[in-house]
Amino acid sequence: MAAVRPGLEAFFDQIRLRGGTVVEETPKFDLELYIQSYTGRTRFERLLTIGRCCIPLCLEALKAAVAEAKRGNDVGRYKEVYECIRIAAPSSPEGLFDQAWVDRVTRENRAQTHRLEVQLKGYKNNLVKESIRMGNEDLGRHFESIGELASASEAYSRMRPDVSTSKQIEDVGKHLIDVALQQRDWPMVLGSLAKITSIPSEDHKALQQYSKVVHGIAFMSLEQYRNAATAFLQINAGKHFKATADYSHIASPNDVAVYGGLLALATMDRQELQIHVLDNQNFRPILELESHIRKAISHFVNGRYSACLAILESYKPDYLLDIYLQEHLPRIYSTIRRKCIVEYCRPFSRITIGSLREAFCPAGEPIIPELVNMIRSGVLKARIDNIDEVLVAMNSNPRKAMQAMTLERTRLYEKEAMERIRRMSLVAANMEVKNAKKLTAAQRAGQEEVTDTWFDNSGDPMATVESQA
Amino acid sequence: MDQVLLAFPPDGEISDKTYDTEVKKHINRVESLFREQTSVVLPATPQLLELVNPSVNSISFLAIINTLKHADNSTVPVSRSELTKHALRFLQSFDARQIRYVGESFLHLVREVIDLKWIPGPQAVQVLAAVILRLDSTGQVLTSTHCSLAELAFESGQLAPVLPVIEKPYVFVPAMADQSAPQYLCDLSASPASYISHKTGLTGKLTKDMVMHYDYLCGRIFSSLRKWDEAHAAFGRVVTFPTSDGTLTQTMIDAYKKWMLTGNIALGRRPELPPYVHPTASRNYGVMGKPYLDLATVFASGSAPDLRSEAEKSAKTWEEDGNFDLVKEVLAAAQKWAIMDLSNLYTRLSLNLVRELTKSGQTGESLATEQEVEDLIRGMIESGMLRATLTQQHSDGTKCLAFLSRGEDLSEEEFASKMKGSVDSLKALGHTVETTNLRLTMNKDYAKHVLRDQKRQEKGDTNDPGIGFEQSIEDEDLMTGIMHTM
C-alpha cells in the first residue's frame, strides 16, 4: 500500500489543480452495495466519479470501473479510466494497458455498426415501417453502448417518423432522454420529457416515477432547485413500492430520497416541509430509505438546527460522490445553513453572537463574516451591534416603507415625465443631434436629387435640407 | 404727457380682451409721443422717471429708459449713473404681464446688461437672475437669457445667485413646432411656452449647442458648489440629449465623463444610462468614456486600493479632460460610501473597526488614526449624508459609531402634507403635459390622422379594433394558412 501512496497523491494533486472535488473522508456507504442499485451505463460513470474524487475509495472504485468498462464495448471509457489508474496505481494489474482487448472490441464494434447499417438499409428498401423503426432502435442502442452518443441520439430520433403506438413514442422519448442525460444536455432532456408526458400512457405509474426523477435531475442541474424539489416530491411511490426502480439506469431510489430531501430543505419553509415532505404519504416510502434525511428534516422543522446541520455534515462525503449532486452540494448546503441561521434568529429581536457561534460554529470558526455576507445578500434581515456583540433584528416597518416608497415613486415619476417632455420639446424645436458627416457623404454620393423638401413651421427649410441644398 | 404715460393700466378689473386692446393702444400712443414730441419729453424725463412707477406702468417706464439710452448724450438731462439706477429699479420690479407686449425692447435692455454695458458682471448676474424669475416664475421655458446668465455667472464666479434659476428644470424651448400663441398675450393662465418666443421677442434664438452648453455649465456650477446630485442631473440632461442616429457632440462626451464622476460621488455607485438613450449613443459613450466607465466600475466594487490604482493608471486622461479635481473628489467619496454601506450591516461598531473595514480612496490604505476616522464621520454627519451619532463607551472609553434608522418616521399629518406636496407638483406637471398635448394635437400629421379616423367612423366600420384584419380574412385553414379576400 505504501508503494501506491505516491501515485495516489500525484493523482489527486492533479485533480485539485484542475479544481475538481476531492473527498478525504471515507463515505458511509459500501461501494459494492452502492453500485448494485444501478444498472446500465451510469454504473461506470458513478464508479469513475468516486475513483476520481474519493481518496480512500479511489483504487477500489477505479478497478471496478476498469472491470465495468471491459464488460461493455465502450473503448473510450476504458481509455478514460486507464488514464486515471495509470497515475493512481501504476503497479497494479489494471495499470497495464490491455491493447488486445481494445483492438478486438474496436474491430467488433466496427463490424457490428456496419452490419446494423446494412440491415437498416435493407429494411428501408422493403418499406416496412416497423422494421425500419426497430432497425434504427438497434443502431441507436449499439451506438449508445459504444459511447457514440451523438450518433445514438440521431439514430433514436430517426425512429420518430415510424412510430405507431403511444408506447413506441414513449420508448423513443426515453431513449433520447437517456442519451441526453449522459450528454448533460438539460434543455434537450426537458424537451423530450414534455413530449412523452403529454401522451396517455399504458403504464402510468412507472412513467410518472421515471419522468419526475428525470425532471428533478434536470431542474437541479439547471439550478432551479425549487422546481427540482417539487418534481422529486411528486413521485408517487405507491403502496407496492419496490426498491429496484424503473429508473435504476439513472438513479437509485436512495438518490431520489437524498435529492428530494436536500432540495426541499434548501427551498421550503418549515410549514411546507411538514406538509410536502414529512406528511407526504406518496414520497414517504422513498424517504424511509434514507432515514437520516427524514431525521434532518424533522430536526429542522422542530427547530433543532444544529442537529440538522450535524447530520448533513456527517453525510457530506457521501453526497459529494454523487454524479449529479456533487456540483450543487456546496450551494445547497450553504443555503440550508443560511436558512438554519435565519430560522434560529427569527424568534429573537436581539441575539448574542456568542450563542450563534455556539450553535453553528462548534469548531470555533468566526461567524461574523458569514453573518455579514448573509445580511449583504438580503437573506438575514438584521444588523450587527459590534460593541455589545449582538445581532439586532430589523423589524420591518411596512408603514414607513410604504410612505417612503410612495414619495419616492411620485418623485421619480415626476422626474421622468419632465425629462420626457423636455426631450419632446427639443425634438419639436428641431434640435436633435444628427450626423453631419453622414449628410455630406450622402451629398458626395450624388443624392441631392431627393425631392422631398421639409420645412418647419416658420417656413425655413430644416437643417438636413439646408446642408443638402 | 403724464396722462399718456400713466394711462395704462386702467383702474379696476378688466377682461383679457379689453386689456389686450388697451395695451396695444397704449403702446401706439407712447411710441408716437416719444417720436413726435421728443424735444418736449426729453427735458422732462427726470421728473417722469420719478413719476412713473416701473412696477405699475412698466411699458411707459421702459419706453422712457429706451428713449434716454438711444438719445444723444448731450441732450440727455439724466446722468448715466442715475439712468442705471432707474434701469435696475425697472428690471427688478417690472410687471411681467405688460412686458409680454414689448418683448423686443425689453430683451434689448437685458442684452445690454448681459454685455455689461450697465453694471459690472457680479451685479449683472444677480439682476439677470431676478429678471428671469420675474418673467416666468415657473422656469419652464429655457431662454437665451438663461444661457447668457449661466455663462456670465460661471465666468465671473458668482455662482450662488444663479441657483434659483438653474435649479428649476426647464421643459420647453422656444420655437417648438406647432406651438400656438395664446389668443391674448396678457392671458395669465397661458403657458409660458406660448408667449416666450421669438415672435414676442422675449427670447433670442436658441440652438442645440446653446442648450447643451447651458446644461453643461449648470453641471459645472453645481459641481463647484459641491451640489453633486444637481450636478449629476444637469450633466445627465446633456448626456440624454435626443439624437436621431446615436451621433454625439463633443459637449455630450465631455458631459458624459463628468456625469459618470458626479454619479459616483452623488449615488455611491455607477450611474446607468436611462432606457431612452439611443442604443448607438450609449455604445459610443462606452467607447469614448472608457477610462471613466472603468473607474466607476471599480468604484462600485468598493475596493479602495483598486480604485486608487485605477485612478493613477489614467491620470493623464483626467488631466487632459480637466477632470482631475473631480476624480480627486471621487477618491475622497469612496470611503464615505464605504462607511454608508456599513450602516446596512451594523447598528453600532467601534471606530477602530470602521478604520479596519474601510480604506481611503486617496491612499488605498486604512486611515492612520481613529481621530481621522472620527473627523471623516463627523463631516459626513454634519453634511447630512449620514444619519448616525458618535458616542463613547463608559466602560473602556472606546469610541463608537451608532447608525440611526434611515428616514424619519412620519406622522400621519406629516405624511399627508408631503403627499399633498407631491400631488401639487403632479398637478403642475399636468399643466405642462396639457401644454405639450395641445401642441402635439396641432401637428399636421396628427390632424390628418384624426380626419381619416373620422371618415372611417362615418362609414360605419367602427367595431374593428384589428384595423381591417377581420374583413380581409375569409377563412383560416390550418393546412394552408390564412386566405385573404383582398
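How many bridges join β1(B) to strand β3 of chain B? There are 3, and the two strands, with β3(B) covering residues 399-403, run antiparallel. Let's take a tour from there.

## About the model

This is a predicted model, in which local features need pLDDT of at least 70, side-chain atom pairs count only at pLDDT 80 or more, and totals for chains, interfaces and linings use all residues. Residues are numbered from 1 along each chain as its sequence is written, chains are lettered from A and ligands numbered from 1 in the order in which they are written, and side-chain values use heavy atoms, leaving out hydrogens and water.

## Strand β1 of chain B

Strands here are DSSP runs of E with at least two residues, while helices are runs of H or I with at least four, both numbered from the N terminus. Two strands pair if DSSP finds at least two bridges between them. Within chain B, S350(B) has C400(B) in β3(B) as its bridge partner.

## A strand pairing across the chains

β1(B) also pairs with strand β2 of chain A (residues 382-385), in the parallel sense and over 2 bridges.

## The wider interface

Counting contacts as heavy atoms within 4.5 Å, 60 residues of chain B touch 43 residues of chain A. The buried area is about 4,400 Å², with 60% from carbon and sulfur atoms; this is the accessible area (1.4 Å probe) that the two parts lose on being put together, summed over both. P242(B), Y276(B) and L345(B) supply 16% of the area that chain B buries against chain A, more than any other three residues.

There are 5 salt bridges between the chains, each a side-chain nitrogen of Lys or Arg within 4 Å of a carboxyl oxygen of Asp or Glu. The side chains of R399(A) and E412(B) meet in a salt bridge at 2.9 Å, N to O. On the side of chain B that touches chain A, α12 (208-224), β1 and α22 (412-441) each supply at least two residues, and α22(B) gives the largest share, 13 residues.
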